[in-house]
Every structure is written in structure tokens, then in C-alpha cells.
Amino acid sequence: MVLKLLKLKGIIDGKSDNLIEKDCILIEGERIEHVGTIDDFGQLDDVQVMDLRNYYAMAGMIDCHTHLSVIPELGDQIGQLKIPASRNILRSLNNIKADFKAGTTTMRVMGEENYIDIEIKNAINEGLINGPSILASGIGLTSINGHGYALTSTDGLEEIRKRARINFHKGADQLKIFVTGGVSSEGSVLNKSSYSLEEIETAVYESERAGKYVCAHAHGGEGIDLCIKAGVKSIEHGTLLTDKQIEKMIKNNMWLTITSFIIFSDKGVGYGDRNNSKIREKLEKVRDIAKENYSRIVSSGINFVLGTDSMHGCLPEEVKFVTDLGVSNIEGIKAVTGRAAEACGIDEIGTIEKGKIADLIILKRNPVEDIEALKEIFLIIKKGKIVEDYL
Ligand SMILES: [Zn+2]
């Protein structure tokens, strides 16, 4: 087993409120064996020592909401999901590479058609291609009249039960369900629900029995109320959340995934779907409300994490967004590391501690002082291996 000793300028461990008082990480195989100071190590034989004393280490980032094949800049995201599997897998490769290079070592994928997320996850795990670890949802559950409907609809309790079971059989890590309308589809309404309470409850029930959980696409209104009632674990987007709903989510220990860049960036929905007046109109409305709402949300005490929603390579922009709203840099970092791992229910990643998987990013500057430092990556280590080739 190859041992690697990383000597660093500083370590952000993903749970402490500042740099920790230690500057060395020992990696054995794919895991972190020890975090300490140089005095902890006597004579170490067969150790590859890496002098990174000008650099900072933090856990690799976790994008809690994204897709593999979608490129918002191209517009018609639903249409992109309909592209045949073989081509969509190829289309995904550049996206994965962009995310990986930007320091994302785990992607929670919130729905693809044809199980391409599970195929890509397996290909990465088998070492056929390089890339971040994938937490797959398989086929997202949406009703025939719902947002996110591309090729597959799932209606009624029996179909939901079956789709959930097929997804888990194929290797899904969690379930994605589209409850309210979305910005990037025509005609869907952001505060209503295309699913009934019973349907959402069935999705939750089936997931929990499989030891998994449900992430629900929901912006606001009745849709969010039903998700809260049904026991959904994570609300995705939540741009129109009210104080009362926030309070209930806190009480129920729920998570919220904030996705800002796709809404506010020039390369997001606003560019890709600029010629679609119905989508543009909705986007304008959401832009007006979301900034104010998200600043209330991040100061409310709710459990929040961050997702690029297919803005590939842009996870640092999501962190920047919440720090601009007043979240401290270290809390912003936790939202893509330690807290994100909690939200995903994966305790092997997200922090730099003994026994955890050695997914690390090595930064040129200290991101606790300047969050822009997240964009200056010197080195990426995934499962203990230095990433030299990003695909
Ligand atoms: Zn999404």
C-alpha cells in the first residue's frame, strides 16, 4: 500500500470554524490515515512525501444538485434530456471534466433519462474514465403534465412504486421527484404541485424502505407544503419559500439545495432560453424574488447546501453567491464539503479526518480569507490518487 504524506500550509477540515492546528495529512491507499503535525511522524518508510507547504488543503467539493448531460447555455434543457443515451453519455463527458477540474469530487445527479447517470457512475467506479464520484437518481419521477418530463412519466401510486424500485434496482443512490413546475419548462407553475400528497408519500415510503431518501424539485406554495407533509428529505431550489415553510423545514430537519447561478448567470437559463418568452417571463419573476428570499433563507438557520444545476465547473460561484448574501466563507465552504456530505447521507466524504476517503483539493490561497481562492486549484486528489488526467 502506497503511503502519501502531504505537508501543507493549512488545512480546512470541512467542520471546524477555521484552519485546524495541523498541517500534515497521511494518506494510505484511498483513505486518510492520519491528520496531524510533522512531529507525529517518526521514521516513515515507503512514504511519498509531497511538499505542499505553500498550499492549503480542503475536502473535495460536493455538488448537491446537478445533471450530467444538460448544458443550460444551449437552451431547451428538457429537449437535451431526450437525446439518445449513447450521444448523451458522450455529451456528458466534457461537462464532467469541467466539474472535476473545478474541484468537484462528488456530484449528486438529480435525474437523467435512460439511466445514463448510473452508466457513467459505474464507468467512473470501474476506472474506465476519470471523473467525480456520482450519486445517481436514475430517472427522475415526474407526472405526464409535470416539469422535467422528457421521455418518461410516472403517474399514480403503482407507477411511482415501480419506478422507485426500478431506480434502486439499477443502482440509484436517492430518488428525485419533480413536484412543482420549473423555470426552464413552458407552462409549468412554480407554486403548485403536479403530484398528490399520496403520490409523494409513496415515493418517500419506497425510498425509506430501500434505505434511501427523496429530493424534491419544488419552488414554493402548495408544492412545498406537500413535500414537508410527505416527509421529503431535501427540497431542491425552494426559491419561493415562505418564513412559515422555512420554520417547518427546520423543525423537520430537512435540507434545502440552493441553486443560484443557473438563475442569475448570463450563461444560465437567461441565455439558453432567451428566445422563449414564456420561460423568460418566469425567469424574470424568479430573479426578482430569489435573491431576497435566498438571503432570508441562509440567515434562517435552515440546513442548506449548494448545487450548480448543470452550470458545469461553477460550484465556486454558488459558494460566492451565499457569501455575498452574508454567509461566512467557512460556512460557505462547509455547504460544499462537510454539510453537503451530511445532506447526501454519505459520511465517508466531505471532511478531512482519519478514515475518510481522501478526496482533496489543494488550493494556492486560503479560501477562508478570500472565497475566490476556491477557483485557484493547484492539485486534485481523488480517492488518494493525484488526478493527472481529468477524463
Ligand atoms: Zn435540476
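This is a predicted model: local features need pLDDT of at least 70, side-chain atom pairs count only at pLDDT 80 or more; totals for chains, interfaces and linings use all residues.
## Surface and overall form

Of the 391 residues in the chain, 59% count as buried. The C-alpha trace spans about 65 × 40 × 40 Å along its principal axes.

The secondary structure of the chain consists of 13 helices and 15 strands. Its radius of gyration is 20 Å, close to the 21 Å that the globule rule gives for 391 residues, so the chain is as compact as a globular protein of that length. Among contacts in the chain with a separation of 6 or more, 71% are accounted for by residues 24 or more positions apart.

## The enclosed cavity

The structure contains one cavity of 30 Å³ or more, and about 350 Å³ of space lies in the largest cavity. A total of 27 residues line the largest cavity, and those closest to its centre are H67, Q77, H147, F178 and S184. By class, this lining divides into 10 nonpolar, 13 polar and four charged residues.

Helix 1 (77–81), strand 8 (175–178) and helix 8 (261–264) each contribute at least two residues to the lining of the largest cavity. The largest share, three residues, is supplied by helix 1.

## P72 and its surroundings

P72 is placed in the loop between strand 5 (61–66) and helix 1, and with a relative accessible area of 2% this proline is buried. Leaving aside residues up to four places away in sequence, P72 touches Q77, I262, K267, G268, G272, D309, S310 and M311. Of these contacts, Q77 is also one of the residues closest to the centre of the largest cavity.

The largest pocket has a volume of about 420 Å³. Its lining comprises 19 residues, of which N130, K382, K383, G384 and K385 lie nearest the centre of the pocket. Helix 3 (116–125) and strand 15 (385–386) are the elements that give two or more residues to this lining. Sorted by class, the lining of the largest pocket has seven nonpolar, six polar and six charged residues.

## Helix 3

Helix 3, one of the elements that contribute to the lining of the largest pocket, is mostly covered, with seven of its 10 residues buried. The buried residues are I116, D117, I118, I120, K121, A123 and I124, so that a charged aspartate and a charged lysine are found among them. They pack against helix 2 (85–101), strand 6 (104–109), strand 7 (133–135), helix 4 (156–170) and strand 14 (377–382). After helix 3 comes G127, whose phi is positive, near 85 degrees.

## Helix 6

In helix 6, which covers residues 221–230, the buried residues are G223, I224, L226, C227, I228 and A230. The elements that cover them include helix 5 (197–209), strand 9 (214–218), strand 10 (234–237) and helix 7 (243–251). Helix 6 is followed by G231, a residue with a positive phi near 90 degrees.

Most residues other than glycine have a negative phi. Against that background, H237 has a positive phi of about 85 degrees although it is not a glycine. H237 is found in strand 10, one of the elements that cover the buried residues of helix 6. At 4% relative accessibility, H237 counts as buried, the cut-off for that class being under 20% relative accessible area.

S310 is likewise a residue other than glycine with a positive phi, here near 80 degrees. S310 is found in the loop between strand 12 (303–306) and helix 11 (315–324), and at 1% relative accessibility it counts as buried. S310 is also among the residues that P72 touches.

Notes. Residues are numbered from 1 along each chain as its sequence is written. Side-chain values use heavy atoms; hydrogens and water are left out. On a 1 Å grid over the protein atoms alone, a cavity is a set of points where a 1.4 Å probe fits but cannot get out, and a pocket is an open set with protein on both sides within 12 Å along at least five of seven lines; lining residues have an atom within 4 Å of a point. Grid points are joined across faces, edges and corners, and a volume is the space filled by probe spheres set on the points. Helices (H or I, at least four residues) and strands (E, at least two) are DSSP runs, numbered from the N terminus. The radius of gyration is taken over C-alpha atoms; the globule rule is 2.2 Å times the number of residues to the power 0.38. Buried means under 20% relative accessible area, exposed over 50%, partly exposed in between (1.4 Å probe, protein chains only). Contact means heavy atoms within 4.5 Å.
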